[in-house]
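Trainee: I would like to go through this model with you. I want to know what stands behind each label.

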Amino acid sequence: MEFSVQTANPAKAETACLVLPVYKDSDLLPAVAKLDDASERLIGQLLSRGDFDAALGNVQMIPFAPGLGAERLLLVGLGERGKCQEAAFLKALDAAMTALVKLPIDEASATFTDVPLEGRDASWKARKTLEAAERALYRFDHFKFAPAKPPTLAKLHLIVTDAAEGLLAKQGAALGCAIGQGINVTRTLGNLPGNVCTPRYLAEQAEALGRESQGALAVDILDEEALEALGAHSLLSVGRGSREPSRLIVMKYQGAEDADEAPHVLIGKGITFDTGGISLKPGEGMDEMKFDMGGAASVFGTVKAVLAIRPKLNVVFIVAAAENMPDGAATKPGDIIKTLKGLSVEVLNTDAEGRLVLCDALTYAERFTPASVVDIATLTGACIVALGHHATGLLANDDDLALDLLDAGETAWDRAWHLPLWDEYQEQLDSNFADLANIGGRPAGTITAACFLSRFADHFPWAHLDIAGTAWHSGKQKGATGRPVGLLTQYLLDREADAQVENSGD
Ligand code: BES
Ligand code: MN
Ligand code: ZN
């Protein structure tokens, strides 16, 4: 969506709707106070009479605003001042944006940069405002007979009280737009059903991004023949029971001035449907296994954001795509396969398939002599047991990389939590018949899955993000979340900033 940053008096702002955040106490934020003065204490009175309860996330539209340039006001509750930190601020933002996009208007103005948040500047607040706006505009109804009318909102003006913050707000808003759009790409790919979003469909999306990038993204698709020739038998073993051919999708973004600068690699698990294979999953809720390409979807969303932001660094994006189905050709429990790396794997459970596609992608990544490799995967149900639906699981063979990802998650407010990857866990993968087994028993399922991957990540700093609990919502709100595009994009931006510091040092 379009945006602008304005430092004018909000009382004079000519806009179809002015969004005003208010605390539960009666002290108004600077922009809101100016409006209050100009409107015979309209807002102050609403609050003191109890006509607007500024509880967190409450919204109320005021259809007329006498004395003001705005045609409407949208009040949004921030709750108690003392409790208003990031989580509350973002909840209020989402409530405001959800209400805003329902109005029959094409532009609006908001004053969220005024809300004081410790450690968060105007750039962050502007970023989150635009990200929330993009997310609120999102619709997924093209499969419906009669889709609802799409929102008309196309432009948001950010009203900044402190003129010195104008530039920061502008930069933040641009990032928020890019990240929000990336998140929405990820949501759409996730929400698409398994009969549409197949490995070949994902490959087509990569090619489309390549075309749209006007030369910035080089796309290389390895089909089954190429994977066979390469020796990626582990990846291929997963799709063996499917009518849909597997694909390894490689997208290269060259943004660094030095074309030889070591790239950062992101690898996404792209199981476009996970039935479990011969180790068939129970029927209940199995439809949600269409989201088992959430890691891949987040890689595509990050590509989208990167193409909008154009950071000066090199990134290789890899998606390992397959459909896990049972049939006469499917891999069976006990089968032994040979990975691209050469290690043999005893497949004790065909439902532990994500690691089987990722291990070959990790080996493939070696050829880029990467600065870092991060894989993103809806890998284990155990991660949901451990962390629920708020934190992404993080495991790494390098503590600096783990910290960088934790930091990026904090900054983007798309947070991860570090779990141990100690050697003691490795023996759970011992096999009597092959170099390793693909499952490690019930204890610490998320850790043993990462242990499996770590065997294929011995040549570079590597981290694994288990997004089983964070990639989608179940129940009434069923749908992809777009996580962790915010974290990944921030991670890349931070690496760009690091590189700039390094380059200026010599
Ligand atoms: N895609 C699933 C993990 C998953 C399950 C994510 C439910 C989100 C919700 C993965 O392929 C899988 O089936 N993992 C197994 C591993 C087990 C067989 C060791 C699991 O978690 O049960
Ligand atoms: Mn599975
Ligand atoms: Zn899976």
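Trainee: Which residue bridges the zinc ion (ligand 3) and the manganese ion (ligand 2)?

Mentor: Aspartate 274 bridges them, and the two ions lie 3.1 Å apart. Two ground rules. This is a predicted model, where local features need pLDDT of at least 70, side-chain atom pairs count only at pLDDT 80 or more, and totals for chains, interfaces and linings use all residues. Residues are numbered from 1 along each chain as its sequence is written, chains are lettered from A and ligands numbered from 1 in the order in which they are written, and side-chain values use heavy atoms, with hydrogens and water left out.

Trainee: What makes the arrangement around the manganese ion (ligand 2) irregular?

Mentor: Its six donor atoms subtend angles of 71 to 168°, and this makes the arrangement irregular. The protein donors here are Asp274 (OD), Asp351 (O), Asp351 (OD) and Glu353 (OE), 2.0 to 2.2 Å from the manganese ion (ligand 2).

Trainee: How do you know whether glutamate 353 is buried or exposed?

Mentor: Buried means under 20% relative accessible area, exposed over 50%, partly exposed in between (1.4 Å probe, protein chains only). Glutamate 353 has 2% relative accessibility, so it counts as buried. Aspartate 351 has 23%, so it is partly exposed. Lysine 269 and aspartate 292 are both buried.

Trainee: What makes a contact between aspartate 292 and ligand 1 polar?

Mentor: A polar contact is a pair of N or O atoms within 3.5 Å; within protein, one must be able to donate a hydrogen and the other to accept it, and residues adjacent in sequence count only if both atoms are side-chain atoms. A polar side-chain atom of aspartate 292 lies 2.8 Å from a nitrogen atom of ligand 1. That pair falls within the cut-off. For lysine 269, a side-chain N or O atom is 3.3 Å from an oxygen atom of ligand 1.

Terms used
Donors are N, O and S atoms within 2.8 Å of the metal (3.2 Å for Na, K and Ca); water is not among the atoms, so sites may look incomplete. Four donors count as tetrahedral if all angles lie between 85 and 135 degrees; four count as square planar and six as octahedral if opposite donors are over 155 degrees apart and all others between 65 and 115; anything else is irregular.
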